[in-house]
Amino acid sequence: MRKAVGIGGLRRKEAERLALSKKGSELAQREITKLQEQIALMKTNLEAFVREHQRDIRSNAAFRVQVQRMCQLIGVDPLASRKSYMSELLGVGDFYCELGIQIIDICLATRSVNGGLIDIDELRRRLIRRRLRGSEPVVVDDIKRAISQLAPLKGGYAIVDFGGRKMVQSVAREMNADTSTVLALAQHTGKFTRQDVRAALAWDIDRIGACVDDMLRSGIVWVDDQCSAAPEYWVPAFFSQLSGGANLSAL
């Protein structure tokens with residue numbers, strides 16, 4: 001008899017567990033449905049907002065960035081397809097396609113000078129000079145978004161950071177840690193010597209030589225061996241930030 005009662009109790013507990021699980025699933029599904037309805041309403045309202053302010057979005061770069069961030073927060077990617085509805089409303093499909101082509105042109109034109117590494121602010125200045133008067137203004141965020149759309153081309157286009165300084169890389173290569181460290185060391189003066197690297201980083205001669213030789217081969221640095229002391233290695237990508245960089249900026 002006791003065994004029968006024990007089995008019955010287990011069955012009741014199992015039935016209660018299943019009932020609670022079913023109820024929990026129903027509640028969770030209702031919450032999901034409610035959330036989906038809220039997101040759908042937000043998307044509808046956002047589309048109406050974009051339609052109403054379409055001209056301001058295209059002409060005001062800061063406003064455009066904020067609207068795109070709102071889109072991302074609710075899961076709308078206006079850049080997912082050039083033919084998407086939101087892309088057409090925002091007018092960003094053709095804008096970023098055109099901007100991407102101009103970025104490629106500038107990077108290719110300057111690659112022989114800077115080794116495929118250009119300061120993002122310098123790239124922005126060149127884009128502004130290149131674009132027709134009356135075109136939509138360009139901000140750094142626009143450049144970042146346009147470059148993210150170039151990934152399928154597999155040309156090595158990417159944003160890299162050297163000590164907080166944003167650079168655009170336009171060659172398919174792995175930027176190793178030593179190269180990044182030395183570039184960060186040179187970002188304020190635009191140049192360095194092997195002695196500078198050794199004094200700042202305490203590297204041995206072989207490590208410094210391997211890093212410098214790799215940078216020379218890739219064209220990231222130029223060597224000035226006419227100095228009376230040690231040879232100086234200049235980083236063309238940093239020239240635009242130096243007092244004497246105006247001439248190179250016009251190339």
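The following legends describe close-up views of a predicted model.

Residues are numbered from 1 along each chain as its sequence is written, and side-chain values use heavy atoms, with hydrogens and water left out. Because the model is predicted, local features need pLDDT of at least 70 and side-chain atom pairs count only at pLDDT 80 or more, whereas totals for chains, interfaces and linings use all residues.

**View 1. Strand β3 and its pairing with strands β1 and β2**. Helices (H or I, at least four residues) and strands (E, at least two) are DSSP runs, numbered from the N terminus. Two strands are taken to pair if DSSP finds at least two bridges between them. Strand β3 (residues 165-170) has 5 of its 6 residues buried, so it is largely enclosed by the rest of the structure; buried denotes under 20% relative accessible area, exposed over 50%, and partly exposed the range in between (1.4 Å probe, protein chains only). Strand β1 (residues 117-119) pairs with β3 in the antiparallel sense over 3 bridges, and aspartate 119 stands opposite methionine 167 of β3.

**View 2. The hairpin of β2 and β3**. Strand β2 (residues 157-162) is antiparallel to β3, and the pairing extends over 6 bridges. Aspartate 161 stands opposite lysine 166 in β3. The hairpin has 2 residues between the strands, and glycine 163 takes a positive phi near 60°.

**View 3. Contact of helices α8 and α9**. The axes of α8 (residues 177-186) and α9 come within 11 Å and cross at roughly 100°. Axes are lines fitted to C-alpha atoms, for helices over the stretch in contact, and angles run from 0 to 180 degrees between N-to-C directions. The two helices α8 and α9 are therefore roughly perpendicular to each other, a class that spans 65 to 115 degrees, with angles under 35 roughly parallel, over 145 roughly antiparallel and the rest oblique. Thr181, Val182 and Leu185 in α8 meet Asp196, Val197, Ala200 and Leu201 in α9, where contact means heavy atoms within 4.5 Å.

**View 4. Alanine 202 in the loop between α9 and α10**. Alanine 202 has a positive phi near 60° although it is not glycine. Most residues other than glycine have a negative phi. With a relative accessibility of 66%, alanine 202 is exposed.

View 5. The model has 0 disulfides, a disulfide being a pair of cysteine sulfur atoms within 2.5 Å.
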